[in-house]
Amino acid sequence: MQKKFEQASAHLSVWLRSNGMRQTQERLMVLEQVCTYDRHFTADQLAADLEGNHLSLGTVYNSLQLFEQCGLIHRLNPAQGSRRSEYEFTFGNDHTMRFLCTRCGREASFRDKAIESILHEKRFSNFSMDNFVLTVYGTCKVCRSGGRGNC
Ligand SMILES: [Zn+2]
């Protein structure tokens with residue numbers, strides 16, 4: 001977790017500087033908390049976990065927006081009927097592959113070694129690949145079984 005935070009904060013510093021912004025103690029506090037999550041988290045959860053640090057809700061939301069812009073986190077499409085966005089820490093995750101349900105908008109990430117190796121062995125004539133993000137569109141289990149999408 002410490003290494004994750006160090007790399008993420010270094011990335012954020014460089015990004016902020018190149019966009020004419022300063023690294024602040026508040027942003028680092030939010031980032032440190034974000035780095036402790038293994039799975040998806042919501043802004044409310046983050047704010048609750050940061051309670052006692054005297055951070056305003058605005059700071060938490062602004063930081064999340066910055067982290068999203070600079071590629072540290074990814075905002076998942078909220079499930080239908082839910083207005084609460086979930087976030088996922090994705091910085092440093094290679095080979096992101098996700099399922100995206102076209103009915104309810106739910107996303108789930110997955111790894112597939114076979115697809116990864118095909119893409120890594122592939123040589124593109126006009127392009128050198130560093131990384132990839134693959135989205136597989138379809139219907140999630142809940143929608144397929146006639147659920148109302150509140151998975
Ligand atoms: Zn669905």
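Reader: Which residue stands opposite Thr42 in strand 3?

Author: Thr42 stands opposite Glu86 in strand 3. Helices (H or I, at least four residues) and strands (E, at least two) are DSSP runs, numbered from the N terminus. The structure is a predicted model, in which local features need pLDDT of at least 70 and side-chain atom pairs count only at pLDDT 80 or more, while totals for chains, interfaces and linings use all residues. Residues are numbered from 1 along each chain as its sequence is written.

Reader: How many helices and strands does the protein chain have?

Author: The protein chain has six helices and six strands. Along the sequence they follow the pattern α-α-β-α-α-β-β-β-β-α-β-α.

Reader: What is the strand order in the sheet that holds strand 3?

Author: That open sheet of three strands has the order 1-3-2, with antiparallel pairing. Its edge strands are strand 1 (41–42) and strand 2, each pairing on one side only. Two strands pair if DSSP finds at least two bridges between them.

Reader: How many bridges join strand 2 to strand 3?

Author: Four bridges join strand 2 to strand 3, and these strands run antiparallel. Ile73 stands opposite Phe89 in strand 3, and the bridge partner of His74 there is Glu88. Strand 1 and strand 3 pair in the antiparallel sense over two bridges.

Reader: Turning to helix 4, which of its residues are buried?

Author: Val60, Ser63, Leu64 and Phe67 are buried in helix 4. Seen down the axis of helix 4, the buried residues fall within an arc of 105°, so they line one face of the helix. The arc is that of the directions from the helix axis to the C-beta atoms. On the other side of helix 4, Gly58 and Gln69 are exposed.

Reader: Why would residues three or four places apart point the same way?

Author: An α-helix has 3.6 residues a turn, so residues three or four places apart point the same way.

Reader: What covers the buried residues of helix 4?

Author: The cover includes helix 2 (25–34), helix 3 (43–49), strand 2 (73–76) and strand 3 (86–89).

Reader: How many residues does helix 4 have, and what follows the helix?

Author: Helix 4 (residues 57–69) has 13 residues and reaches 19 Å from its first C-alpha to its last, close to the 18 Å expected at 1.5 Å a residue. The expected span of a helix is 1.5 Å times one less than its number of residues. Helix 4 is followed by Gly71, whose phi is positive, near 85°.

Reader: Which residues have the most contacts inside the largest nonpolar core?

Author: They are Leu31, Val34, Phe67, Leu72 and Ile73, in a core of 15 residues. A nonpolar core is a set of buried Ala, Val, Leu, Ile, Met, Phe, Trp, Tyr and Cys residues joined through C-beta atoms within 7 Å. The elements that give two or more residues to this core are helix 1 (2–18), helix 2, helix 4 and strand 3.

Reader: What does Val34 touch?

Author: Val34 touches Leu46, Phe67, Ile73 and Phe89, not counting residues up to four places away in sequence. Two residues are in contact if their C-beta atoms, placed from the backbone, lie within 7 Å.

Reader: Which residues stand opposite Cys101 and Arg98?

Author: Cys101 stands opposite Gly138 in strand 6, and Arg98 stands opposite Ser109 in strand 5.

Definitions and conventions. Buried ≥ 20, exposed ≤ 12 C-beta atoms within 10 Å, placed from the backbone.
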